[in-house]
Amino acid sequence: HAKRQGGGAVSVFGHALRTAVVDRWATEHGLHRALDRGELRVHYQPVVEVRTLVPVALEALVRWEHPEWGLVAPDRFVPVAEESGLIVPMGRLVLEQVCQQLRHWVEAIDLHGEGPQTLGSGVVEVNLSARQIDHPQLVPTVEAVVAAAGVPPSWLTFEITESALMRDAARALGVLRALKDLGVSLAVDDFGTGYSSLSYLQRFPLDVLKVDRSFVAELGRDGGARAIVAAVVGLAHSLGLAVVAEGVETEAQLQVLDELGCDYAQGFLFARPAAPEDLAEELLPGFRAGLPLAAGAWPGP
Ligand code: C2E
Ligand code: MG
Ligand code: MG
Ligand code: MG
């Protein structure tokens, strides 16, 4: 509540709001520093094939290693980065780290006497926010970063949330087509939480649909979520898209996903996101000796 302070100043913010404003400012200010000082690091979480449990991809998830606050989760700072526009340099940094990491893994594979061809397409999934999609430099930046790292664009999949796609669908369509022309794969993230027009789903040049974890969490309880996931799998397959279930935490959920014909799964049941040096080698797609990524398992461009 507004409170009269010494000197006659009137605070227009209640305590909670004032705290939120200060927090937001501290976060934005801190993010500038984080970008300059290299405090942002990409962690990776595997995506496995439901039928075989073979890892086929990794999702890149940004983390902020704050010197005092410790590891900050993206929900704390990605929204602030989006509002302030810092998501643009941050997104570039994430993509650069991912490409460098891919180079590093490729060299590790070569040490094992296998060729880089054991990495299939769509190996690392990178999240893009609406603000990045809107930025006129997105496509040239992606092209430049990928070329500078010497990484084939087919090793990347970009994830875009359903709501970011639908915000300005006509514009998003143009950007997605340009990204697709570079040779990357495209996924819809958090599917089922926005309000997609199904006709757009068909018009966007998509490869993968990621079912939001709120539906997966309900699987194995009553019938509602099961029917929704079954419908999404059917819809995706009829449009030629692969389906990933997000947030799989239990064997029971995995069992239902298998019954429903869901292609891929991601979640704490298999692995939590981890720093690249902490990822077990058997979780890296195509890294297990003699286990190339099944041809065409992950839809390529
Ligand atoms: P998302 O893209 O939907 O990523 C999946 C989120 O689910 C991740 O949260 C992951 O840690 C979490 N998750 C995975 N498996 C499970 C599970 O079994 N149970 C539960 N409860 N959660 C699970 P995280 O890493 O905190 O990221 C949150 C969101 O932040 C992401 O959601 C994405 O929208 C955004 N984000 C993360 N990294 C980036 C980035 O580099 N760029 C942009 N633009 N956004 C990012
Ligand atoms: Mg994602
Ligand atoms: Mg998601
Ligand atoms: Mg999400």
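User: Which residue bridges the magnesium ion (ligand 3) and the magnesium ion (ligand 2)?

Analyst: Keep in mind that this is a predicted model. The two ions lie 3.8 Å apart. The residue that bridges them is Asp189.

User: How many residues apart are Asp189 and Glu246?

Analyst: Asp189 belongs to strand E8 (residues 185-191). Glu246 lies in the loop between strand E10 (242-245) and helix H11 (251-259). The pair thus links distant parts of the chain, and the separation is 57 residues.

User: Is Glu246 buried or exposed?

Analyst: Buried means under 20% relative accessible area. Asp189 has 6%, so Asp189 is buried. Glu246 has 11% relative accessibility and therefore counts as buried.

User: Strand E10 also holds Val243. Which residues is Val243 in contact with, leaving aside its neighbours within four places in sequence?

Analyst: Val243 has 0% relative accessibility, so Val243 counts as buried. Its C-alpha is 9.0 Å from that of Gly261, 18 residues away in sequence. The contacts of Val243 are Leu209, Val211, Val233, Ala236, His237, Cys262, Asp263 and Tyr264.

User: Are helices H5 and H7 roughly parallel or roughly antiparallel to each other?

Analyst: The axes of H5 (residues 138-149) and H7 (residues 169-182) come within 10 Å. They cross at roughly 15 degrees. Angles under 35 degrees count as roughly parallel. H5 and H7 are therefore roughly parallel.

User: Is the crossing of H5 and H7 left-handed or right-handed, and which residues meet there?

Analyst: H5 brings Leu138, Val139, Val142 and Glu143. They meet Val175, Ala178, Leu179 and Leu182 of H7. By class, the contact has seven nonpolar, no polar and one charged residues. The crossing is right-handed.

User: What share of the contacts with a separation of 6 or more comes from residues 24 or more positions apart?

Analyst: The protein chain has eleven helices and eleven strands. Buried residues make up 50% of its 301 residues. Among contacts with a separation of 6 or more, the share from residues 24 or more positions apart is 69%.

Key: Residues are numbered from 1 along each chain as its sequence is written. Chains are lettered from A and ligands numbered from 1 in the order in which they are written. This is a predicted model: local features need pLDDT of at least 70, side-chain atom pairs count only at pLDDT 80 or more; totals for chains, interfaces and linings use all residues. Side-chain values use heavy atoms; hydrogens and water are left out. Axes are lines fitted to C-alpha atoms, for helices over the stretch in contact, and angles run from 0 to 180 degrees between N-to-C directions. Helices (H or I, at least four residues) and strands (E, at least two) are DSSP runs, numbered from the N terminus. Angles under 35 degrees count as roughly parallel, over 145 as roughly antiparallel, 65 to 115 as roughly perpendicular and the rest as oblique. A crossing is left-handed if the near helix is turned anticlockwise from the far one by less than a right angle, and right-handed if clockwise. Contact means heavy atoms within 4.5 Å. Ala, Val, Leu, Ile, Met, Phe, Trp, Tyr, Cys and Pro count as nonpolar, Asp, Glu, Lys and Arg as charged, and the others, Gly among them, as polar. Donors are N, O and S atoms within 2.8 Å of the metal (3.2 Å for Na, K and Ca); water is not among the atoms, so sites may look incomplete. Buried means under 20% relative accessible area, exposed over 50%, partly exposed in between (1.4 Å probe, protein chains only).
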